[in-house]
Amino acid sequence: MLKCTRCGREYPLDEPYQRCECGEPLELELFKGLPGIGRRVWERFSQFFPFELDLELSLGEGDTPLTKAKHLSKELGVRLYLKNETLNPTWSFKDRGTFVGIHRALELGFKRIGTVSTGNMAASVAAYGARFGFETFILLPSNIAEEKLKALALYGAKIIKVRGDYGELYYKSLEFGRDRGIYFINSDDPFRVEGYKSISFEIIEDVTPDYVLIPTSSGGLFRGIVKGFLELKESELIEELPKFVVIQAEGCSPICSAFYEERQKIERFENPHTIAHAIENPYPPSGNAVLRLLRKLEGLCVSVDDKEILSAQRALGEEGIFVQPASATSIAALKKLRENGTVEKGAKVVSILTGSGIKTLHQVKAPNVEDGELSE
Ligand SMILES: [Zn+2]
């Protein structure tokens, strides 16, 4: 059964429902279970996923390292752990959600899948579409850079440029899919969210965090990580929930704005502008659902500006990890939270490094190269 995250209305599982008639996202019930043995997170936590996953079709998503940040831990006076999602098959956390989401399409008998994206999501769905032998449709805003289309073409996806920003395309795509028999595994599809739970399961195998910092755009990743921890608590595998922190860029922070103004609903963020393009969604489809979770679980919301983001990106480089600007937001936010005393000294903090910097190389400053001569 799928249940509305707001009004609680229920929907049967044999139809491709993704959103409630009230407009809010749907989700599956909380799973309970015990971890087992297995090389892959999908095996160890198989009791927590809605169906059996075909590991022969896996591209190796998940089971990413949780790396202790040496310099930043010292500098910030906390125990900081970096969940390095840049090591997924298409270099971002999206692969976890795509892998579970595509099984849902398979279960419902679809032969075509799609998504709406400007970057990471497109690459992920295109890659798994190819892997599973689906016909794949990627809807992109018309102003997309040519460079980003190359990988999609290589995976054999059909690319359709549409007018509108990400927020608008999301709703248009669901209509487009209904008319053409395409299952859109968008950012907060209930089964994509199930895939993101795997991050929480892996974290808990290594540390019991006091805080989890999550760069947040559509809200799908945040919902998935929170659901994972809620299931761990229900299953009595952890005693207490960590504090969940939503991180947004100041130039596009519809969730943080609503949170601080104590509104029940997000509003479209006008004229978004930030270097953190991967989290630049002016009207996140799970924005209200995230707000509800933040209130219920007493979470935090922090926004950071582009200068702080770029400085945090360099700091992560010094830890040996190259992330996209959107992923660096959480380190910038942690600095603020330490400065204003919200996060206490010695706290165990996990930061989700959502995606690699390799796809946004143009945003990195060229180095100063010295002329040298090699002689005796
Ligand atoms: Zn509803």
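Let's start with Asp63. At 28% relative accessibility, Asp63 counts as partly exposed, because that class sits between the cut-offs of 20% and 50%. Keep in mind that this is a predicted model. Where is Asp63? Look in the loop between helix 1, residues 41-44, and strand 4, residues 66-68. Now its backbone. Phi of Asp63 is near 55°, a positive value, and Asp63 is not a glycine. Why point that out? Most residues other than glycine have a negative phi.

Glu298 belongs to the loop between helix 10 and strand 12, which covers 300-304. Is Glu298 buried or exposed? It is exposed, because its relative accessible area is 56% and the cut-off is over 50%.

Let's zoom in on strand 6, residues 112-116. How much of strand 6 is buried? The count is 4 of its 5 residues, so the strand is mostly covered.

Strand 6 has strand 7, residues 135-141, as a partner. The two run parallel, and 5 bridges join them. You can find specific pairs on screen. Gly114 stands opposite Phe137 of strand 7. Thr115 faces Ile138, also in strand 7.

Strand 9, residues 183-184, is a partner of strand 6 too. Here 2 bridges make the link, and the strands run parallel. Which residue of strand 9 is the bridge partner of Ile113? That is Tyr183.

How does the chain get from strand 6 to strand 7? Follow helix 4, residues 120-132. Strand 6, helix 4 and strand 7 together make a β-α-β unit, and the unit is right-handed.

On to empty space. Rolling a probe the size of a water molecule over the atoms shows where such space is left. The second largest pocket has a volume of about 410 Å³. It is lined by 16 residues, and the closest to its centre are Cys4, Thr5, Glu27, Leu293 and Lys296. Which elements give two or more residues to this lining? They are strand 1 (2-4), strand 3 (26-28), helix 8 (220-234) and helix 10 (287-296). What about the classes? The lining of the second largest pocket has 7 nonpolar, 2 polar and 7 charged residues.

Helix 8 brings us to Glu231, which has its place in that helix. Glu231 counts as buried, because its relative accessibility is 0% and buried means under 20%. What does its side chain reach? The side chain of Glu231 comes to 3.1 Å from the backbone nitrogen of Phe31.

Last stop: Phe191, in helix 7, residues 190-206. Buried or exposed? At 2% relative accessibility, Phe191 counts as buried. Now compare positions with Arg292. Phe191 and Arg292 are 101 residues apart in sequence. In space, the two are 20 Å apart, C-alpha to C-alpha.

Definitions and conventions
Residues are numbered from 1 along each chain as its sequence is written. This is a predicted model: local features need pLDDT of at least 70, side-chain atom pairs count only at pLDDT 80 or more; totals for chains, interfaces and linings use all residues. Side-chain values use heavy atoms; hydrogens and water are left out. Buried means under 20% relative accessible area, exposed over 50%, partly exposed in between (1.4 Å probe, protein chains only). Two strands pair if DSSP finds at least two bridges between them. A crossover is right-handed if, with the strands pointing away from the viewer, the path from the first strand over the helix to the second runs clockwise. On a 1 Å grid over the protein atoms alone, a cavity is a set of points where a 1.4 Å probe fits but cannot get out, and a pocket is an open set with protein on both sides within 12 Å along at least five of seven lines; lining residues have an atom within 4 Å of a point. Grid points are joined across faces, edges and corners, and a volume is the space filled by probe spheres set on the points. Ala, Val, Leu, Ile, Met, Phe, Trp, Tyr, Cys and Pro count as nonpolar, Asp, Glu, Lys and Arg as charged, and the others, Gly among them, as polar. A polar contact is a pair of N or O atoms within 3.5 Å; within protein, one must be able to donate a hydrogen and the other to accept it, and residues adjacent in sequence count only if both atoms are side-chain atoms.
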